[in-house]
Amino acid sequence: MKKYLVRSAALLGAVSMALPAFAQELSFWSWRQEDREQYEQFIADFEADNPDITISLETIEPQNYNTILSTALAGDSGPDIMMVRAYGAFETVAEAGYLMPLDEETVPGLADMPKPALEAETLRSDGKIYAVPFASQTMLVIYNKDIFDQLGLEEPETWDELLEVSQAIEDAGMYAFANGTGTAWQNETIVSALGSSIIGEDFYNDLMAGETDFTDPRFVEALEALVEISEYFPDGFTGLDYASAQQLFASGMAGMFAGGSFEIANFMSQNPDLDLGVFPAPVKEEGDQHLVGLFFDGGYAGNAQTEHPEAVQKFLSYLASQEFGQQFANSLGNISPIPGVEFEDPLLQEVAELNQNSIPYIMLVHFRYQEPSGSVLIQSEVQEMLAGGKTPEEAAQAVTEGIATYYEPFQQ
Amino acid sequence: MPRLRLTGRTLWITALIVPPLAVMATFVAYPIGSALAYAFYDWQGLQRGEFVGLQNFYNVLFTEPFASWTQRAFMHNIIVFFSLMVIQNGTGFILAYALWRELPGAAFHRVAVFLPVVLSTVIIGFLWKLFFHPIFGPVNQIFRGVGLDFLAQPWLGQSSTALGSLIFVNAWAWIGFPTLVFLAGMQRIPTELLDAARMETDSEWVLIKKIVWPLVAPSATVVFILLFIGSFNWFELPYIMVGLDGSPFGSTDVLGLYFYRTAFGNQSAGVQDFGNGSALAVLIFLFIAVVAAFWTVRLRKREIQL
């Protein structure tokens, strides 16, 4: 009996030591359930070039992804490679030391990545990069070209033109905007999608320099504009949730949708006949700069505890390569931050060009590190403001006060 | 040899008791214990920081804006509890009485009333979210159809109606449960008692007040306590219908949502804070345990043994 035990233990040991040499099996977690097929393809491409590495993909429901990932990492059962979010939600995972630090030597593609993309995956406390950023998202207005053509409308440049266009669509018996405010985070997206040009680069720079807060007239003006345009949201828009708003637009019942560039792929899959166009937030005065809101979605990270660090680095390098970026853009319809990627889709090309003039999606990029986060505040304040419960000044005041509980520049 | 038999018996009992005890300890006692421990530490994401004593409790109870969020969520739970007590349990009692007296169609209604209880909360939530849809929802369509346009509201989208709508849906779904429990209680009342009472009075009201109500007291205890626990743990329905934020602007925020958002972070808005979240969980647990225990003892005293 004892002999048998010893033998089997020895055998087990030998097998587990020999295994890595034969095949390195890596697990890869993603929250993009809808992109499963494409990711299988990316993995197949990689495996074809690296026969000694196999990668198994697991997709997890996005709402609870961070919770599940965090729990798995804490329990030493985390994946070797994983998608991580950006900014604050990235830090909660990265800060605990579960992720593998990356640099230009281990992942050469990082050298050419744009700085804001890398910053999204950099831990503020040690300045190290922990993930390969994978997509930028742009806040803008998406419109239905057929409806615009049919009514002889042009992309509005100024706020007055936007009001005219909206009125014209409504007069034709359609919804001007499909947007609803029933789902809290939609209130944050519309501020950036419709208000970025009014908020302006100057305000953003002053805010970052700690010279102003959200009660600044430039920010309040954007909120006022939002109240004005909400006239053209569907009746009962306060109870219209995100999914319904998407359906309204995808079904061609509404002319415009203020939101993220990530909606485009979604709309096209719901209704492939749609002819879509995009325009940046309109300006108040003619001649002002048109801006879009920009943020990075997330990145691919390696597990610091992985048994196959080199294989992980190899795969991450592939994910940071231009070849992958091109595939990613073409098959998923997302904007890859990797330089030199060309977009087949003219709409994506247009979004990529609009990204040249952008300000960050402020609350996510800078104020989602601590509670009450700027996002929590602006979502509920704008929701209340659009329901008529608060004035733009009051909403801006409440946002500032909430952030001031931990953010020093606002405390004066 | 009696001693040996006794040992065998002890062994047997031990073997039967240990597995469930182990399961309880691992999956109930341990998580509660560790949540209690978590609540006393500072957390940086998933990383446990230093011991901070009661700081997290102080945060959620006394620092703004968390204090007013806690208060707001707690107030909403209280509203939910009292509304459901009246609507769900009150109507449940009346329905049970009607079913017990076997009014015409009782057999059908017994099933009909209980049917929604069998449905999954997820289905109920999605279904009613669709029913309340401001544009296409049947609720508003019907109001418009019968000329009551002013009643066609974005029910889930305005602070004045959102919580009420959730309470209504909960009552719709769960009314069968108190009804069934009350009905079972009523069916246990001996007919001799009722016959004797009928000789004294013709009034249904007196019958209910003097005979039925006191004798279904054990059922009432069960139903009240379960409703109390359910109301303060309320999560699934609001989560499905209004989201983690208690949309619109916190009008439907309850302790369950608030705890979840704080501890695990809301993907589209916030960050996770295990410390404050655990503190909230501990407070909710303590509140429910203490009040439920106290109340059970009080209600038990009132019950009459047949």
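Biologist: How many residues of domain 1 of chain A are in contact with domain 2 of chain A, and how many of domain 2 take part?

Modeller: A friendly word before the count: this is a predicted model. In it, 6 residues of domain 1 of chain A touch 5 residues of domain 2 of chain A. The domain assignment gives domain 1 as 24-135 + 297-320 and domain 2 as 137-294 + 359-410. Their C-alpha centres lie 31 Å apart.

Biologist: How should I read the size of such an interface, and what area do domain 1 and domain 2 of chain A bury between them?

Modeller: The size of an interface is often given as the accessible area lost when the parts come together. For domain 1 and domain 2 of chain A, that area is about 570 Å², with 62% of it on carbon and sulfur atoms. On the side of domain 1, Tyr87(A), Gly88(A) and Arg124(A) supply 70% of the area buried against domain 2, more than any other three residues. The count of salt bridges between these two domains is 0.

Biologist: Let's turn to chain B. Where do its domains run, and what separates their centres?

Modeller: Chain B is divided into domain 1 (2-38) and domain 2 (64-302). Taken over C-alpha atoms, the centres of these chain B domains are separated by 35 Å. Their contact takes 4 residues from domain 1 and 4 residues from domain 2. Between them, domain 1 and domain 2 of chain B bury about 340 Å², and 82% of that is on carbon and sulfur atoms.

Biologist: Now the two chains together. How many residues does the contact take from chain B and from chain A?

Modeller: It takes 28 residues from chain B and 41 residues from chain A. The area buried between the chains is about 2,900 Å², of which carbon and sulfur atoms give 60%.

Biologist: How do I read salt bridges here, and what is the count between chain B and chain A?

Modeller: The general idea is that side chains of opposite charge can pair when their charged atoms come close. Between chain B and chain A the count is 1 salt bridge. Lys129(B) and Asp241(A) meet in a salt bridge through their side chains, at 3.2 Å from N to O. Over all chains, the structure holds 13 salt bridges. One of those within chain A joins the side chains of Lys115(A) and Glu119(A), at 3.3 Å from N to O.

Biologist: Why are Lys115(A) and Glu119(A) separated by about one helical turn?

Modeller: Because they are 4 residues apart in helix α5 (residues 115-119) of chain A, and that spacing puts about one helical turn between them.

Biologist: Next, helix packing. At what angle do the axes of α8 and α16 of chain A cross?

Modeller: Two packed helices are described by the angle between their axes and the distance between the axes. The axes of α8 (residues 186-208) and α16 (residues 374-386) of chain A come within 7 Å and cross at roughly 85 degrees. The helices α8(A) and α16(A) are therefore roughly perpendicular to each other. From α8(A), Asn187(A), Glu188(A), Ile190(A) and Val191(A) take part, and among their partners in α16(A) are Ser375(A), Ile378(A) and Leu386(A). By class, this contact has 5 nonpolar, 4 polar and 1 charged residues.

Biologist: In chain B, at what angle do the axes of α2 and α14 cross?

Modeller: The axes of α2(B) and α14(B) (residues 274-302) cross at roughly 75 degrees and come within 8 Å. These helices too are therefore roughly perpendicular to each other. The contact of α2(B) with α14(B) divides into 7 nonpolar, 4 polar and no charged residues.

Biologist: Last, the backbone. Which residues does a cis peptide bond join in chain A, and which in chain B?

Modeller: In chain A, a cis peptide bond joins Glu371(A) and Pro372(A), with omega about -5 degrees. Pro372(A) sits in the loop between α15 (362-366) and α16 of chain A. In chain B, the bond from Glu64(B) to Pro65(B) is cis, with omega near 0 degrees. Pro65(B) is in the loop between α2 (55-62) and α3 (66-100) of chain B.

Terms used. Residues numbered from 1 in each chain as written. Chains lettered and ligands numbered in written order. Predicted model: local features only at pLDDT ≥ 70, side-chain atom pairs only at ≥ 80, totals over all residues. Heavy atoms only, no water. Axes fitted to C-alpha atoms, helices over the stretch in contact; angles between N-to-C directions. Helix = DSSP H or I, 4+ residues; strand = E, 2+ residues; numbered from the N terminus. Parallel < 35°, antiparallel > 145°, perpendicular 65-115°, else oblique. Contact = heavy atoms within 4.5 Å. Nonpolar A, V, L, I, M, F, W, Y, C, P; charged D, E, K, R; others polar. Domains from an automatic or database assignment. Buried area = accessible area lost by both parts, 1.4 Å probe. Salt bridge = Lys/Arg side-chain N within 4 Å of Asp/Glu carboxyl O.
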